[in-house]
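Here's a quick briefing to read alongside the coordinates.

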Amino acid sequence: MNKKSIIIGLVIGAPIAIAIGVCWYAHYRTERFATNAHAAYTKQIRALGAEGVPLVAAQLQGPLPPGARDAGQIYKQIAAQMEAHPPKGDDLLVTNGLRQNHILTISETNKIHTALQHQAHLMNLIHTAAQRPECDLRIDWSNPNPAAVLFPDFRNIRMGTRALSVESYDLASRGRMREAVKNQALGFQLADHAYTGKTMIATLVTAACDAITLEGMRKLLYLSHGDSAIAQAIQDEVRNHLHIHPFSECLNTELTIQASEIEFLREDGPESLVEASNSDPHNPRSSHFLGLIPRSQWSAYLDDNGALVLAKLRRDRAIIDQPYPVSNPQLVASDAALEKAIKDSGPLRYTVAQMLTTNKAKFASKQTVIKASAAITDTSARLLIFKSKTHSFPASLSALPNIPLDPFTGKPLKYRREGAGFVLYSVGEDGDFDGGRPAAKPKKYQSMFRYPMPPYYTTPIKEQ
């Protein structure tokens, strides 16, 4: 072979050899990626099975409770009533509820009394639901695509809780204080009904119903003018009927939904996500990218995303019900780790994971607010009972045995005397709330109780 032939062979053969090598290496990397992703995803699926978490959404459907004990059908009747006869005018005072940190004028009180009479049928339905100890909201989990499952409209449960607060206020304004307290406590039962929805949104509605009910109880403390018997009744109702439900239960449901969704997408192909991702404001390129993934790589892509999603959810579930000072830093770190993984991998690798996950630290803090609100309601009632016996409020909370702690810190609630009264408060999520001033209306997320009733309850004052 002459020199010229060797050169020609090198010119032609070298690129071919390089191309073959590049293709082999790309194939090797793709195969290795697919193998590792599948192993990581399979590990998560096996862990869920060992933990008893259903892997198919259809398995979330439990047996229906006996009809006479089930509030689910009553909520359907409430929805039908609201659609057929939507409240109008002053009747909206019943369904919209009372404003936070506000005591009604005589004129407003008369209006809600009349509105309650107009909405007597609706109130009867709400009471019927509240008297039933069980609830199945008839979620049809049989849909093979969990993202297409139709969830119940929780608005009517929250509306029912607001209406009970309005009704309780009306009872109190007419001197029927004990009946008002009992009626207000029915809101805790509606919160329990919402929780049976098993999902994150159901848990948030549960927290909202508990918040409305606790706010109503504190208004009854004001309307009773510090009556110790009413304070004792409120304390008893809160302790006996408020249930702080574990958030880990709804994360179990979310684990099932996400595992089912991954498998549905595996069968349905990348096309099934293109339309959904078109509306993704965080990643406008995701729609185009998902449409380009070949079927041969789709399963490995889902394994990679699914392993990340399930691992995070399992990690969050293990810590979310721990005390806030313990759980919050870990949840914040877990959320940050996911965001970092998505950012470091580029904008497209974890598109599905980005679509399926939510921030859990903010989610968990909402329940801690309810715990703080309950602790403040309970302790405020005890302070009023203490005064009835000693004729003055204590100099510090140490005078009261076994008081609930501030769930944000795990330490005692903050308390100080103010003139003839007091202010009791939680430091809150940021840890810096100081109870404010008597003339300054607190923000909605600030948990506190000031006694006697501060002026902003009767005089419109902007939040400070």
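H7 and H8 run roughly antiparallel to each other, since their angle of about 170° is over the 145 degree mark. Keep in mind that this is a predicted model.

**The H7 and H8 pair**

- Helix H7 covers residues 177–195 and helix H8 covers residues 200–223, and their axes sit 7 Å apart.
- Sorted by class, the contact of H7 with H8 has 16 nonpolar residues, six polar ones and one charged one.
- Lys198 lies in the loop between H7 and H8, and this residue has a positive phi of about 70° although it is not a glycine.
- With 31% relative accessibility, Lys198 counts as partly exposed.

**Salt bridges**

- How many salt bridges does the structure hold? The count is 20.
- One of them pairs the side chains of Arg138 and Asp70, at 2.7 Å from N to O.
- Arg138 is in the loop between helix H5 (120–130) and helix H6 (155–173), while Asp70 is in the loop between helix H1 (3–50) and helix H2 (72–84), so this pair ties together parts that are 68 residues apart in sequence.
- Lys312 and Asp316 form another salt bridge, and their closest N and O atoms are 2.5 Å apart.
- Both Lys312 and Asp316 belong to helix H13 (residues 295–319), where they are four residues apart, about one turn of the helix.
- This pair is buried at both ends: Lys312 has a relative accessible area of 3%, and Asp316 has 0%.
- Glu418 and Arg416 also make a salt bridge, with 3.4 Å between the closest N and O atoms.
- Here Glu418 counts as partly exposed at 21% relative accessibility, and Arg416 counts as partly exposed at 28%.
- If you like networks, look at Glu51, Arg314 and Arg317, which are linked by salt bridges.

**The cavity**

- There is one cavity of 30 Å³ or more, and the largest cavity holds about 70 Å³ of space.
- Which residues line the largest cavity? They are Thr203, Thr206, Ala207, Asp210, His243, Ile244, His245, Phe247, Gln367 and Ile370.
- By class, that lining splits into four nonpolar, five polar and one charged.
- H8 and helix H16 (360–390) each supply at least two residues of the lining, and H8 gives the most, with four.
- Ile370, one of the lining residues, is found in helix H16 and counts as buried at 6% relative accessibility.
- Ile370 and Tyr445 are 75 residues apart in sequence, yet their C-alpha atoms are 9.8 Å apart in space.

**The second largest pocket**

- The second largest pocket has a volume of about 420 Å³.
- Its lining is made of 16 residues, and those nearest the centre are Phe151, Glu254, Ile257, Gln258 and Leu356.
- H8, helix H10 (248–268) and helix H15 (351–356) are the elements that give two or more residues to this lining.
- Which element supplies the largest share of the lining of the second largest pocket? That is H10, with six residues.
- The lining residues of this pocket divide into nine nonpolar, four polar and three charged.

- As background, most residues other than glycine have a negative phi, and most peptide bonds are trans.
- You'll find His225 in the loop between H8 and helix H9 (228–241), where His225 counts as exposed at 68% relative accessibility.
- Tyr451 and Pro452 are joined by a cis peptide bond, with omega about 0°.
- Pro452 sits in the segment after strand E5 (448–451).

Conventions: Residues are numbered from 1 along each chain as its sequence is written. This is a predicted model: local features need pLDDT of at least 70, side-chain atom pairs count only at pLDDT 80 or more; totals for chains, interfaces and linings use all residues. Side-chain values use heavy atoms; hydrogens and water are left out. A salt bridge is a side-chain nitrogen of Lys or Arg within 4 Å of a carboxyl oxygen of Asp or Glu. Buried means under 20% relative accessible area, exposed over 50%, partly exposed in between (1.4 Å probe, protein chains only). Axes are lines fitted to C-alpha atoms, for helices over the stretch in contact, and angles run from 0 to 180 degrees between N-to-C directions. Angles under 35 degrees count as roughly parallel, over 145 as roughly antiparallel, 65 to 115 as roughly perpendicular and the rest as oblique. Ala, Val, Leu, Ile, Met, Phe, Trp, Tyr, Cys and Pro count as nonpolar, Asp, Glu, Lys and Arg as charged, and the others, Gly among them, as polar. On a 1 Å grid over the protein atoms alone, a cavity is a set of points where a 1.4 Å probe fits but cannot get out, and a pocket is an open set with protein on both sides within 12 Å along at least five of seven lines; lining residues have an atom within 4 Å of a point. Grid points are joined across faces, edges and corners, and a volume is the space filled by probe spheres set on the points.
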